[in-house]
Amino acid sequence: MSTPWKNTGLLRKFLNSCNGFRVAFLTEKAIPQECLTTLGLVAAGWWLDKDAEVLVPVFLLSLLPLSLELVNSAVETLIDSHLGATYREDVRRTKDMLSASVFVSLWIGYGGSLWLLFR
C-alpha cells in the first residue's frame, strides 16, 4: 500500500508542484525577485524586438536560477526541520555549497540571457 502523500496522477503531481511554487513564492524572498528578473529579461527582449528564437532561450535560461533556488530552499528547509537551529560546522558548509550553486546558476542563467539579448 502506498503512503497517503504519494501522488500517482499527472494532475495531482501538477497541483502539488503549483502548491510548492506558491509556498516558495510566499516564504522565500529570492523566488519573487527571480520571477521578476525573468519577466524583466523577457520584456527587455520584447522591447529590443527580438524574435522567438532569442526570447525562448532567454526565458529558459532565466529559469535556471529559479529552479536551483527552489532546490536550495527545499534542502535548507529539510536540514532545519531535522537538525533544528543548533549551529554545526557541517551544516554551515552544506548551506554554503547550496548557496554557491545558486550563485553559479545566476551567472549562467542571467549572463547567458543578457548575452543572447545584446549580442
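At what angle do helix 3 and helix 4 pack, and how far apart are their axes?

## Packing of helix 3 and helix 4

In this predicted model, helix 3 and helix 4 pack at an angle of about 170°, and their axes lie 8 Å apart. Because angles over 145 degrees count as roughly antiparallel, helix 3 is roughly antiparallel to helix 4. The residues that make up the contact of helix 3 with helix 4 comprise 18 nonpolar, nine polar and four charged ones.

## The largest nonpolar core

Six residues form the largest nonpolar core, namely L41, V54, V58, Y110, L116 and L117. Two or more residues of this core are given by each of helix 3, which spans 52-83, and helix 4, which spans 89-118. The largest share, three residues, comes from helix 4.

## Y110 and its surroundings

Y110 is one of the residues of that core, and, when its neighbours within four places in sequence are left aside, Y110 is in contact with E34, T37, L41, S62, P65 and S105. Among these contacts of Y110 is L41, which is itself listed in the largest nonpolar core.

## S62 in helix 3

S62, another contact of Y110, is found in helix 3. With a relative accessible area of 0%, S62 is buried, because the term applies to residues under 20% relative accessible area.

Key:
Residues are numbered from 1 along each chain as its sequence is written. This is a predicted model: local features need pLDDT of at least 70, side-chain atom pairs count only at pLDDT 80 or more; totals for chains, interfaces and linings use all residues. Side-chain values use heavy atoms; hydrogens and water are left out. A nonpolar core is a set of buried Ala, Val, Leu, Ile, Met, Phe, Trp, Tyr and Cys residues joined through side-chain atoms within 4.5 Å. Buried means under 20% relative accessible area, exposed over 50%, partly exposed in between (1.4 Å probe, protein chains only). Helices (H or I, at least four residues) and strands (E, at least two) are DSSP runs, numbered from the N terminus. Contact means heavy atoms within 4.5 Å. Axes are lines fitted to C-alpha atoms, for helices over the stretch in contact, and angles run from 0 to 180 degrees between N-to-C directions. Angles under 35 degrees count as roughly parallel, over 145 as roughly antiparallel, 65 to 115 as roughly perpendicular and the rest as oblique. Ala, Val, Leu, Ile, Met, Phe, Trp, Tyr, Cys and Pro count as nonpolar, Asp, Glu, Lys and Arg as charged, and the others, Gly among them, as polar.
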